[in-house]
Amino acid sequence: VSLGTLVLAAQLADLLWPILLLAGTERVRISPGITSFSPLNFEYYPISHSLLGLTTLGVVLAVIYFALTRYRAGVWVVGLLVVSHWVLDVIVHRPDLPLAPGSETRIGFWLWNSIPATIAVELALYAR
């Protein structure tokens with residue numbers, strides 16, 4: 001799988017999100033102090049950041065990838081990378097990540113509420 005495809009898959013949620021914001025499909029508000037690290041109050045983003053939405057996007061991207069390459073192992077990597085974005089976001093977000101569009105259940109482990117922990121995790125990711 002090419003590096004460009006891997007980056008696209010891993011960042012698809014954050015690449016799609018601003019487009020959905022501009023289209024009025026999803027909403028964010030700046031709320032200083034909502035977490036210690038980020039002032040973004042993600043009010044509504046059921047397509048780009050719900051578990052079901054990203055799973056669906058992962059399947060769609062994997063199908064497109066397979067149609068273009070016929071590389072079966074790459075299909076799994078691409079699809080799972082899309083979903084991995086949600087899993088990693090759960091660690092840093094406050095409980096605002098929906099399981100599915102329309103779901104009242106929101107998940108997040110609040111890492112962004114600790115500046116030292118956020119910096120340590122982010123530096124560790126860059127160090128790899």
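Here is a short tour of this predicted model, one selection at a time.

Some ground rules before you click. Residues are numbered from 1 along each chain as its sequence is written, and side-chain values use heavy atoms, with hydrogens and water left out. Because the model is predicted, local features need pLDDT of at least 70 and side-chain atom pairs count only at pLDDT 80 or more, while totals for chains, interfaces and linings use all residues.

**Stop 1: helix α1**

Select 3–22, which is α1. Helices here are DSSP runs of H or I with at least four residues, strands are runs of E with at least two, and both are numbered from the N terminus. The expected span of a helix is 1.5 Å times one less than its number of residues. For the 20 residues of α1 that gives 28 Å, and the end C-alpha atoms are 28 Å apart, so the two agree. Now centre on Q11, where α1 has a kink of about 65 degrees; the bend is the angle between axes fitted to the seven residues ending there and the seven starting there. Just past the helix, G24 takes a positive phi of about 80 degrees.

**Stop 2: the buried side of α1**

Pick A9, L12, A13, W17 and L20, the buried residues of α1. Buried means under 20% relative accessible area, exposed over 50%, and partly exposed in between (1.4 Å probe, protein chains only). These residues pack against β1 (27–30), β2 (40–44), α2 and α3.

Stay on L20, whose relative accessible area is 11%. Leaving aside neighbours within four places in sequence, L20 is in contact (heavy atoms within 4.5 Å) with T25, E26, I47 and S48. Draw a C-alpha distance from L20 to S48: it reads 7.9 Å, for residues 28 apart along the chain.

**Stop 3: the core**

A nonpolar core is a set of buried Ala, Val, Leu, Ile, Met, Phe, Trp, Tyr and Cys residues joined through side-chain atoms within 4.5 Å. The largest one has 20 residues, and L54, L61 and V82 have the most contacts inside it. Elements giving two or more residues to this core are α1, α2 (51–69) and α3 (72–92), with the largest share, six residues, coming from α3. Zoom in on V82: beyond its neighbours within four places in sequence, V82 is in contact with A9, L12, L54, L57, G58 and L61.

**Stop 4: the aromatics**

Finish with W17, F42, Y45 and W112, which form one aromatic cluster. Rings of Phe, Tyr and Trp (its six-membered ring) pair if their centres lie within 6.5 Å; planes under 30 degrees apart count as stacked, over 60 as edge-to-face, and the rest as tilted. The structure holds three such pairs. In one of them, F42 and Y45 have ring centres 5.1 Å apart and planes at 5 degrees, so they are stacked. Both F42 and Y45 are buried.
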